[in-house]
Amino acid sequence: TNITPDKNTGIVRYTLDDFDRAVRHGIDQEGGTLYPAMPYPSYARLTDADLTALYDYFMRGVTPVAAEEHGNGIPWPLSMHWPLAVWRKMFASETEAGHPTFDAARYSDPVIARGAYLVQGLGHCGSCHTPRSVTFKEKGLDESSSLFLAGGQVIDGWVAVNLRGNAADGLGAWSQEDIVATLKTGRNSAHAVVGQPMNDVVVHSTQFMSDADLNAIATYLKILASAPADGSGFKADPATATTLAKGLEANRGAEVYVDNCAACHRTNGEGSPKVLPAIAGNPSVLAPDPSSLIRLVLGGSSLPGTATAPSALGMPGFAWRLSNDEIAQLLTFIRNGWGNKAPGVSASAVASVRGAMDRDDAANQRVGLHQP
């Protein structure tokens, strides 16, 4: 909905109490419960001072814009609002009135406390990066749960990565500087670049944060222990690079890699710092669910341009060029080369992602045809 202070279609009539109920408690001005796509379980941790500052900004720092309310496209029975109140009371108890906000005193280091507040509250990182139960409740809202920020949610077809200390598919091998650079520029020199939908987070949010806050986030993330083991692993092994450098291709996956990928990511799997991500030891490559990798190879992706790293580089898609079986063999090779250790990828898994992407494209084209 429109959250500019427009007098007819916006929130100008919201009092501070109304704003508080919506942001920290998930209740709109009419008393109905908001869908938890609005991350009020995380925002419940906001301090009174920050909540008031946000209210003042929205009311006096944002230009009013008239924008009529969009229709609710959520299908029945999920379109019924009354069950949301039951859900909120059962599975988002932290939003109940009188529930304490963030407790910084539980952390001995003020930098870690600041990072925890930003990650758990305002940044609501767990809304995407924490797995959810069958009730859609996040399986943890802070580090007291070993599943908090353990990744696994699928957002617009992309799998949110593990932000905990796992050495293979998490941030165990990342330094604080790597994390800061990724949030500020969308890339770092050692491990990875971001892709959809994290692009929007970097472009519209984290690149504008202060260095102090970015360092606090990185400091907090680095104290998180590993999530429960998932079977992935990495131990650098030069055998793959040596074999490819000799012109030896052990299987069809290796052949497809040399023909389509090695020009950028190189036969040693190390890519190019800050431009082309390394494949060896890459957390996204080693993720238990290969859906993001499949989607990346099929449709490609673009690296966002930011104020400090303006080059918006991209990777082309290969859906037109490679069959489901070829992509499956390619990704199986990648997930088990250079010391990577992760489950193989099946052709049926590639077909499933390809089908979902085709349906999304068709739906977008239909919408486009009906737009004025």
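Leu149 sits in the loop between H6 and strand S1 (154-155). Helices (H or I, at least four residues) and strands (E, at least two) are DSSP runs, numbered from the N terminus. This is a predicted model, in which local features need pLDDT of at least 70, side-chain atom pairs count only at pLDDT 80 or more, and totals for chains, interfaces and linings use all residues. Residues are numbered from 1 along each chain as its sequence is written, and side-chain values use heavy atoms, with hydrogens and water left out.

Most residues other than glycine have a negative phi. Leu149 is not a glycine, yet its phi is positive, about 65°. Leu149 is buried, at 0% relative accessibility. Buried means under 20% relative accessible area, exposed over 50%, and partly exposed in between (1.4 Å probe, protein chains only). His124 also is not a glycine and has a positive phi, about 35°. His124 lies in the loop between H5 and helix H6 (126-129). His124 is partly exposed, at 26% relative accessibility.

## Nonpolar cores

Nonpolar side chains tend to be buried together in soluble globular proteins. A nonpolar core here is a set of buried Ala, Val, Leu, Ile, Met, Phe, Trp, Tyr and Cys residues joined through side-chain atoms within 4.5 Å. The largest one has 34 residues. Phe19, Tyr107, Val119, Leu149, Ile179, Tyr220 and Leu221 have the most contacts inside this core. Five helices each supply at least two of its residues: H1 (16-25), H3 (48-60), H5 (110-122), H7 (176-185) and H9 (211-221). H5 gives the largest share, 6 residues.

Ile179 touches Leu171, Trp174, Ala218, Leu221 and Lys222, leaving aside residues up to four places away in sequence. Contact means heavy atoms within 4.5 Å. A second, separate core has 26 residues, among them Val285, Leu322, Ile327 and Ile334.

## Helix H9

H9 is mostly covered, with 8 of its 11 residues buried. The buried ones are Asp213, Leu214, Ala216, Ile217, Ala218, Thr219, Tyr220 and Leu221. H5 and H7 are among the elements that cover them.

## Cavity and pocket

On a 1 Å grid over the protein atoms alone, a cavity is a set of points where a 1.4 Å probe fits but cannot get out. A pocket is an open set with protein on both sides within 12 Å along at least five of seven lines, and lining residues have an atom within 4 Å of a point. The structure holds 1 cavity of 30 Å³ or more. The largest cavity has about 70 Å³ of space. Its lining is Pro36, Pro39, Pro41, Trp87, Phe91, Glu94, Arg132, Phe136, Lys137, Glu138 and Leu141. By class, that lining has 7 nonpolar, no polar and 4 charged residues.

The second largest pocket has a volume of about 270 Å³. It is lined by 19 residues, and Ala150, Gly151, Gly152, Asp169 and Pro288 are the closest to its centre. The lining divides into 11 nonpolar, 4 polar and 4 charged residues.

## Cysteines

The structure holds 0 disulfides (pairs of cysteine sulfur atoms within 2.5 Å). Cys125 is partly exposed, with a relative accessible area of 22%. Cys128 is partly exposed as well, at 32%.

Key
Grid points are joined across faces, edges and corners, and a volume is the space filled by probe spheres set on the points. Ala, Val, Leu, Ile, Met, Phe, Trp, Tyr, Cys and Pro count as nonpolar, Asp, Glu, Lys and Arg as charged, and the others, Gly among them, as polar.
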